[in-house]
Amino acid sequence: MTVEALSGPWAGQPFLSAITWLLILMGLAYAARPWSHRVLHRGTRALTLLLRHAARAVRQARDRLRRGHLRYLRGVELRRLEGRFDRAYRGIHLRVNRDLGGFPALERRILQQIETLERDYHSARDQVPEEPAWVRTANALASAPPKADPRVGQILEEIHDSMARAGREALEEYRRASQSRLETLKGLLPAWRELGERLHQLEHAVRSLSEQTRHLDTVLGRYRRLRRGAVPARGIFLASTGLLAVSAAILALQGVAAGVLFFLVEPAMGRALGEGTGMEGMTLAPWAVGAVILTVVLGGGLVSEARRASRLIPTFTVLDPRMRRRSVALGGTLVLLAIVLLALLAASRDLQAASGETLVPLLQGPLQGEVETMAWLSTFTCLVLGVLLPLPLALVALPLQIFLQSLGVVTGGLAVTALAILAALLSWLALAVHVLGAVLRGLYEFFIFIPLLLERGYRAWQRRRTMAREAPATLLSLPGTPPPGDGGTGRGSP
């Protein structure tokens, strides 16, 4: 059916045709009004309920994920606190063995030094010499009344000279004794300084041990609170984001080192194994180099797990010290052998004298020394690279553990946030659908407003007509109203 056929008899008048079809559609819409309203109401209500149920399901999933994420955060924080507790406990153990392990010997040395100081101090006291007995006799003679005998005066003069000489000798002896005591006291100064230094070292050791013990108590308190169900710190998400970026960068650098080492060693490995070795179209050299590099990684991981630097494998947490020492020895041996093999392969890269690139410069006379110097420099450079490049690969377990833990924290937090945003969007969409249903019903009423106005006018006309019919009957039914025709006398018409 063409557009002209649909236009009907007003094909030449589009405006009139459009108005006609609009009126027809308006009539049809007015006729379908009850069913249309029912469809709009039920459809919007069903869609709103569906969106609300979806939002409720997303909220429940978000709550479950949040609880699981909190448990994961608590586990990550507990593992970190366990590592800090282990390090703090080991530090206290080492400090006690180093600084306080010889405390009994230090105490004996201090006591001996104190006894020596006390003995020297007592020997350095000022001792006044005792008065000789003849001094009292001389004093008695001097206090006697003078006599005229000249021999008495001569005797007294001799006694005076003897006393003066004895006094000078006693003074000299006292000075020598004082000088000896001063020398003894001067010798006490280094002993006092040594004693003070030992006491200061002991005080410093005890103070450091006390600080480490307080730090250990703080870590243990946080660990106990987390075990009882406390919420982890809020800054763990930001810290994990930074650790994720740093560990990813370190892993990328280690991957670059592994790639450089692979391409450095692979040609020499191919020449060592033979170019034709392997399956058709494939050699064993890349697989061998990959196995050696993987040996370095596994050996380093074994050492880090045995030393409790990383905890990627839970089995190593229950090993006894003897097995840990054996694991460290095994991992270190694997790493050492792999590094030696890689270094030799890297150094043998430029030691192939059979290649034409090496023979041609060697056959030239004047440049022979320079060629040999450059060859040895290239060989030494490859040797150093073969030794240094495997070292970062042996430590890959540390950034890998940090990366995995931080990735779990960050992805869990982002997933919880995404589910919360999705639940909010679904709730808002349900509200929008509910409002849209009311708007659509209003637009539907606006589209058929002409039939609605006609219906409203018809209903009003019917209401007025009904009221006009019911008005006389209402007047007749009122009490005290005279019947029509009696003129108000109460009599009926003849």
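I began with helix 8, where I found Ala285, Val289, Val292, Ile293, Val296, Gly299, Gly300, Gly301, Leu302, Ser304, Glu305 and Ala306 buried. Buried is under 20% relative accessible area, exposed is over 50%, and partly exposed is in between, with a 1.4 Å probe and protein chains only. Helices here are DSSP runs of H or I of at least four residues, strands are runs of E of at least two, and both are numbered from the N terminus.

A note on the source: this is a predicted model, in which local features need pLDDT of at least 70 and side-chain atom pairs count only at pLDDT 80 or more, while totals for chains, interfaces and linings use all residues. Residues are numbered from 1 along each chain as its sequence is written, and side-chain values use heavy atoms, with hydrogens and water left out.

Next I asked what the buried residues of helix 8 pack against. The partners are helix 7 (236–273), helix 9, helix 12 and helix 13, with contact meaning heavy atoms within 4.5 Å.

I then checked the length of helix 8 (residues 285–306): its 22 residues should span 32 Å at 1.5 Å a residue, and its end C-alpha atoms are 31 Å apart, which agrees. The expected span is 1.5 Å times one less than the number of residues.

Thr283 has a relative accessible area of 30%, so I logged it as partly exposed. Its C-alpha is 7.7 Å from that of Gly270, 13 residues away along the chain.

Helix 9 was my next stop: its 27 residues reach 38 Å from first C-alpha to last, close to the expected 39 Å. Its buried residues include Arg324, Ser327, Gly331 and Val335.

A cavity is a set of points where a 1.4 Å probe fits but cannot get out; a pocket is an open set with protein on both sides within 12 Å along at least five of seven lines; lining residues have an atom within 4 Å of a point. Points are joined across faces, edges and corners, and a volume is the space filled by probe spheres set on them.

How much space lies in the largest pocket? I noted about 740 Å³. Of its 26 lining residues, Gly83, Arg87, Arg308, Ala309 and Ser310 are the closest to the centre. Helix 3 gives the most to this lining, with ten residues.

The whole structure has one cavity of 30 Å³ or more, and the largest cavity has a volume of about 40 Å³. Its lining is Glu305, Arg308, Ser310, Arg311, Ile313, Phe316, Thr317 and Arg324.

Last, I looked at the chain as a whole: 14 helices and zero strands, with 23% of its 494 residues buried. The mean pLDDT (the predictor's confidence in each residue, from 0 to 100) is 75, and 72% of residues reach 70 or more. Confidence is lowest in helix 10 (residues 356–363), at a mean of 48, and highest in helix 12 (residues 390–394), at 91. Over residues 365–371 pLDDT stays under 50, and the model has two contacts for them beyond four places in sequence.
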